[in-house]
Amino acid sequence: MSAQRIRQAVQYLSFVILMYGGRVGIHLGSALPCFACPFVPGCGGFCYLMGLQGYIGFGLVAGAAAGKEVLVALGWFLVFVVSVALLGKVWCGWICPFGLIQDWLSWLRKKLGVRERYLSLGGKKAIGSIKHIFLILIVTLPPLITAKILPPDLYLPFCNICPGKLLLPLFAGETKYLALNLDNAVTLWVSVALIAVTASTLVAAFFKDRFFCLFCPLLALIHFLRPLTALRLVKEPTFCVGCGNCRRHCQMDVRVLDQNISQAQTMECVDCLRCLEACPSSGALSLKFLGFQLFSSSRWATSAWRRKP
Ligand code: SF4
Ligand code: SF4
């Protein structure tokens with residue numbers, strides 16, 4: 001079975017567990033390195049970013065009184081670090097429910113015969129910098145909200161504009177985030193922002209594979225922990241013949257893939273392994289867990305990948 005088929009099976013299984021697991025008593029905790037959403041009724045676990053915002057707000061402002069909460073926050077941080085250390089960006093390419101939705105949009109685009117749009121290097125850098133802005137806001141806004149310097153309706157500021165909050169609950173029949181929240185001016189503008197960000201992300205993800213992943217703050221956090229990760233995409237430059245197949249088939253348009261480098265896994269890589277399957281050179285690309293080879297380019301390459309996408 002090809003790596004892509006295994007990946008697809010894992011994506012669907014993860015989707016079912018993370019969206020509906022809670023209904024049958026499965027809950028994988030609140031520190032998952034993927035966009036599993038706590039706003040989904042009966043979800044099977046949720047994204048670390050939500051807890052992070054809550055703990056930063058409460059922990060920093062409440063200070064000593066929040067001692068127990070700080071310990072809980074540290075515990076969940078450790079769970080997050082261990083999860084990333086075990087699976088790395090497989091969380092993005094193989095497990096994230098919002099990643100699967102983006103892959104459905106790419107599939108639809110191909111079925112309709114629409115060509116993928118590529119961003120210029122400058123455009124990619126500009127969009128990529130949004131994830132750093134998100135990370136700064138995720139860390140700085142919650143304490144200001146808890147201290148009542150900003151309105152309490154901005155609580156969980158990133159969740160308020162995360163497209164996952166609007167989209168993922170729909171799969172559990174929850175439609176309330178589709179509507180404007182008219183409670184007050186702040187909630188109105190927050191709900192307008194959520195709808196606008198979600199709509200524009202979906203349109204962009206239709207034309208560009210995994211568009212949201214380009215500026216996902218969670219992917220950035222996972223990448224910062226890369227030195228700890230056991231599961232890695234590895235390139236052996238001496239086996240590379242420079243054909244460029246890997247770069248042409250890359251979901252994230254990683255442009256250094258076919259160059260003479262050993263560090264193939266850049267910030268934007270989501271471990272989808274399309275490059276590995278498209279590579280015709282034995283051993284040039286491989287996925288390794290603690291140095292043990294799980295997939296390699298020679299074993300999985302098929303003639304279908306030789307064609308340009
Ligand atoms: S570098 Fe390879 S594994 Fe990473 S996103 Fe591109 S094709 Fe997928
Ligand atoms: S597809 Fe393989 S051989 Fe071709 S450039 Fe990429 S790594 Fe090198």
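Domain bounds, as used here, come from an automatic or database domain assignment. On that basis the protein is divided into domain 1 (3-221) and domain 2 (230-306), and the centres of domain 1 and domain 2, taken over C-alpha atoms, are separated by 27 Å. The structure is a predicted model, in which local features need pLDDT of at least 70 and side-chain atom pairs count only at pLDDT 80 or more, whereas totals for chains, interfaces and linings use all residues. Residues are numbered from 1 along each chain as its sequence is written, while chains are lettered from A and ligands numbered from 1 in the order in which they are written.

The contact between the domains draws 20 residues from domain 1 and 17 residues from domain 2, where two residues are in contact if their C-beta atoms, placed from the backbone, lie within 7 Å. On the side of domain 1 that touches domain 2, α1 (3-20), α3 (67-87) and α4 each supply at least two residues, and the largest share, four residues, comes from α4. Helices (H or I, at least four residues) and strands (E, at least two) are DSSP runs, numbered from the N terminus. By class, this side of domain 1 holds eleven nonpolar, five polar and four charged residues; Ala, Val, Leu, Ile, Met, Phe, Trp, Tyr, Cys and Pro count as nonpolar, Asp, Glu, Lys and Arg as charged, and the others, Gly among them, as polar.

A nonpolar core is a set of buried Ala, Val, Leu, Ile, Met, Phe, Trp, Tyr and Cys residues joined through C-beta atoms within 7 Å. A residue is buried if 20 or more other C-beta atoms lie within 10 Å of its own, exposed if 12 or fewer, and partly exposed in between, with C-beta atoms placed from the backbone. In the largest nonpolar core, which has 68 residues, Cys34, Ala36, Cys47 and Cys275 touch the most other members. Helix α4 (residues 90-95) gives the most to this core, with five residues. Because domain 1 and domain 2 both give residues to the core, it lies between them. When neighbours within four places in sequence are left aside, Ala36 is in contact with Leu18, Cys43, Gly45, Phe46, Cys47 and Pro97.

Ligand 2 is surrounded by 15 residues, of which Cys240, Cys243, Cys246, Asp258 and Cys279 are the closest, and its shell has nine nonpolar, five polar and one charged residues.

Helix α9 (residues 185-207) comprises 23 residues and reaches 34 Å from its first C-alpha to its last, close to the 33 Å expected at 1.5 Å a residue, the expected span being 1.5 Å times one less than the number of residues. Its buried residues are Val190, Ser191, Leu194, Thr198, Thr201 and Ala205, and they pack against α5 (97-111), α7 (157-161) and α8 (163-167). In the loop between α9 and α10 lies Arg210, which has a positive phi of about 50° although it is not a glycine; Arg210 counts as buried because it has 25 C-beta neighbours inside 10 Å.

Terms used:
Near = placed C-beta within 6 Å.
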